[in-house]
Amino acid sequence: MAIHKFARLLHEGSPIPMFGDGSTARDYTYIDDIVDGVIAAIDHPLGFEVINLGESQTTTLRELIAMLERLSGKVAQIEEHSLQPGGVEITFADVSKARRLLDYNPSTPIETGLRLFLDWFEDTRL
């Protein structure tokens, strides 16, 4: 959700809110990699299992904004805020079980996924 929101704000020339110093990190996963994992779960009937899907690589908020700027050719206006109460420094998926049981292997690097997303975003903003 953050990527879509940030792309929209960047496109509009509106400020992007940054909570904290930009060092918080998240596991951004390209949708095709998630779909591959869901299809693999359907194709491998295991009964009831809880399996994490994600990329298992993290990107900081500052890195994400910088990549969006570089790929879009636009300069972001950053609106700095203090870290939100309950804000978590880092989140990422442990996909070891998905790799083992589903042969899950996310393969879309963050920058590639952002490029594909921005292409889609521009195409749908007619």
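Colleague: Which residue just after α3 takes a positive phi?

Modeller: This is a predicted model, in which local features need pLDDT of at least 70, side-chain atom pairs count only at pLDDT 80 or more, and totals for chains, interfaces and linings use all residues. Residues are numbered from 1 along each chain as its sequence is written, and side-chain values use heavy atoms, with hydrogens and water left out. Helices (H or I, at least four residues) and strands (E, at least two) are DSSP runs numbered from the N terminus. Just after α3, a positive phi of about 75° is taken by G73.

Colleague: Which residues of α3 are buried, and why are they on the same side?

Modeller: Buried means under 20% relative accessible area, with exposed over 50% and partly exposed in between (1.4 Å probe, protein chains only). An α-helix has 3.6 residues a turn, so residues three or four places apart point the same way. The buried residues of α3 are L61, L64, I65, M67, L68 and L71, and they lie on the same side because they cover an arc (of the directions from the helix axis to the C-beta atoms) of only 160°.

Colleague: Where is N105, and which side chain does the side chain of N105 join in a polar contact?

Modeller: N105 is placed in the loop between α4 (96–102) and α5 (110–124). A polar contact is a pair of N or O atoms within 3.5 Å, where within protein one must be able to donate a hydrogen and the other to accept it, and residues adjacent in sequence count only if both atoms are side-chain atoms. At 3.0 Å, the partner of the N105 side chain is that of R99.
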